[in-house]
Amino acid sequence: MSPLATRADEKPLVRIAMVGHVDHGKSTLIGRIRHEMSGLPGIASVDASVGGNWAFVMDQLQEEREREMTIDTTQTFLETPVCRLVFIDVPGHQELIQNMLSGATRADAAVLVLAGDEGVQVQTRRHALLLSMLGIRTVIVAVNKMDTLGRQEDAFRRLERTAADELRALGITVTATIPVVAREGDNVLQRSPAMPWYDGPSVLDAIGELEPATAPVDAARFPVQGVLRHDGLATVVGRVLSGSIAEGDQLTVCPGGAAVTVRTVRRFPEDHAAAEPGESVGLALDGPEPARGDVLAPAGDLPQITSTPAGRVFWLAEKPLEVGEELALRCATQHVTVRVESLTDRLDSATLEPLPDGNALASMELANVRMSAEGPVVLESFDRLAALGRFVLERGGAAAGFGIVA
Amino acid sequence: MDLLSRMESESIYVIREAYSRYSRVGMLWSMGKDSTALLWLCRKAFFGTIPFPVVHIDTSYKFKEIYEFRDRIAKEWNLDLRIARNEEALADGMGPKKIDKFACCNALKTTALKQAIATMGLEALLLGIRRDEHGVRAKERYFSPRAQDFTWNVGAQPPELWDLYATVDEAAHDRIHPLLHMTELDIWRYVRREGIPVNPLYLAKDGHRYRSIGCSPCCMPIASTAATVDEIVAELESSREPERAGRAQDKENAFTMQKLRSLGYM
């Protein structure tokens, strides 16, 4: 359904990351969408300082405007009569990949922007690879700057094929490829009369056709954030990742294995209904008290518990990761010291080509990393339950890389 | 869960993350709709008893309705309220007309906040800012480390992946922003659903109301007939004006907000 159609009862919210190579027009496309929608009720007009440079809608820092380049990720919020859209702009520059990830890890869907005059470039590939790691496996491709190709169909079809081939190799399905001139608004909200040969959706319509993702796990998973005692009652707090938790439920504290029973589901004001997936609640338990980092789960369907966690890791920090290095692994509320045991299947994220075996992983490289942990770690495969299947590796409290559990 | 409940759970998760990971936490309360919603969320996160101080940075130029609202709610909700003022600057006559608005905000808000953080020894400070308020605030993180001199280096923020919020070792204190994902309309819908008390300045009287409140010399009311929360929601669903249109601070210079924030403004 078009995001501009008539009112529905419960508006879905879609968070869309705009990704792609530097200067291919990500900020300009969001700015143009924002500008064209600003005639609608509830949507403020873009501020006058933008002056027709649509990228400035998103690029609000002085240095971003002076250099005409996005430095930090940013978001804009649009509410139409039928849905809510959050556009997440990210920098295209490779030095700023950490800012790209700060934005993209918040997205449900993505538009990959490709400039017609340059085609697939290093950061197009790298961003696509990262999307696939982050679990965003359907994307919309916007072939921007079609004016530099004379708005001609042949050139567009060649780029459409190249992009589809490259993305398929990463396990990504393209839902629509759209010829666009973001600066002038061609095929952004409305079909462009200047490209009569194109009969597909506009960018906004393609976004309206995206299907929401569903969570496959139904067993309860409750990572413990902490135990509150400030009001005289020991209350275990956290967020239900999957399944539901009701009073009387018997759960196992992972990784320790102790059995506990839910005495009370605590909320304010008081409400004892079963806790739903995604809900932050408190639990008063009977049995041994769990601690931050533990995961509560039903005895019949426990997550993986391992002292040798492993995953596909993308390295961010300038200083390479080396075999033998000790760092902190964080997953849900767990914080565990790990030692890197091996790095295999290294890949260059610029070319997507394999790299020779080695004992170090440089910035922007990927590898399968096997670790030994100081204690047991609770995990799931990423495809089963994303929030327990992804981790960050920290040095000095800052993320130096992230990984996905196969 | 519906969308407002999902947003509420996300905010409560962030609030409890801050409390679990820092021993000295405080919250900034300006008595506006956002920080009052944040205060409500803190009550929910801690089952009605907020276990940390609630700080009001008092410039002395606030509307009288703001002071009345503060004292009433602080009593009703049994808050550990702390009032922080830059007494030296106030004694020296600082105000929006003394030099300019930038200097005034910096002295009476940022410097007062610095003094409060130092006096109270706070490691983490919860604030009710939202991404959709302003283009510079849109670049914030949920956990945002600040250096000893309070500066915010917006171009070089540490990565924040998913909800694995980082607490960087070298940070002097962390700003925690549990409402980042909520829009102005979300806040009003949440206020309506939860029955959160509303400062009367937001409700239209004689054809005008305040959409954003702060210091009385620097806030202008908008033309409006919205005299109830329901009417505010309906008004915003059809408005085309940006939220901070009545805030003088944003208008002085295109990058005033960026400069204020890089120096530690909220």
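1. Let's start with strand β5 of chain B, residues 143-146. Four bridges tie β5(B) to β6(B), and the two strands run antiparallel. One pair to look for on screen is Arg146(B), whose bridge partner in β6(B) is His173(B). Keep in mind as you look that this is a predicted model.

2. Strand β6(B) has another partner too. Strand β4 (residues 124-126) of chain B pairs with β6(B) in the parallel sense, over three bridges. Here Ala124(B) has Asp174(B) in β6(B) as its bridge partner. If the two senses are new to you: strands of a sheet pair through backbone hydrogen bonds, and they can do so either parallel or antiparallel.

3. Now have a look at Leu38(B), in helix α2 (residues 33-45) of chain B. Why is Leu38(B) called buried? It has 28 C-beta neighbours inside 10 Å, and the cut-off is 20 or more, so it counts as buried. Leaving out residues up to four places away in sequence, Leu38(B) touches Met27(B), Leu126(B), Gly128(B), Pro178(B) and Leu179(B).

4. Next, the place where the chains meet. Here 49 residues of chain B are in contact with 51 residues of chain A. On the chain B side, α1 (3-21), α2 and α7 (229-238) each supply at least two residues. Helix α1(B) gives the most, with eight residues. Sorted by class, this side of chain B has 22 nonpolar, 12 polar and 15 charged residues.

5. Over to chain A as a whole. Its secondary structure comes to six helices and 22 strands. The C-alpha atoms fill a box of roughly 70 × 55 × 40 Å along the principal axes. A compact globule of 406 residues would have a radius of gyration near 22 Å, and chain A has 23 Å, so the two agree. Of these 406 residues, 48% count as buried. Among contacts in chain A with a separation of 6 or more, 68% are between residues 24 or more positions apart.

6. Six strands close it in the order β14-β19-β17-β16-β21-β22, with antiparallel pairing. On average, neighbouring strands of this sheet are turned by 45° against each other, direction ignored. Strand β14 (residues 310-315) and strand β22 (residues 398-404) of chain A pair over four bridges, in the antiparallel sense. Across that pairing, Phe314(A) stands opposite Phe402(A) in β22(A).

7. Last, the largest nonpolar core. Which of its 194 residues touch the most other members? They are Ile16(A), Met18(A), Ala110(A), Ala142(A) and Val203(A). The element giving the most to this core is helix α5 (residues 101-120) of chain B, with eight residues. As for Ile16(A), its contacts beyond four places in sequence include Leu85(A), Phe87(A), Ala110(A) and Ile207(A).

Definitions and conventions: Residues numbered from 1 in each chain as written. Chains lettered and ligands numbered in written order. Predicted model: local features only at pLDDT ≥ 70, side-chain atom pairs only at ≥ 80, totals over all residues. Rg over C-alpha atoms; globule rule 2.2 N^0.38 Å. Buried ≥ 20, exposed ≤ 12 C-beta atoms within 10 Å, placed from the backbone. Contact = placed C-beta atoms within 7 Å. Core = buried A, V, L, I, M, F, W, Y, C linked by C-beta atoms within 7 Å. Pairing = 2+ DSSP bridges. Axes fitted to C-alpha atoms, helices over the stretch in contact; angles between N-to-C directions. Nonpolar A, V, L, I, M, F, W, Y, C, P; charged D, E, K, R; others polar.
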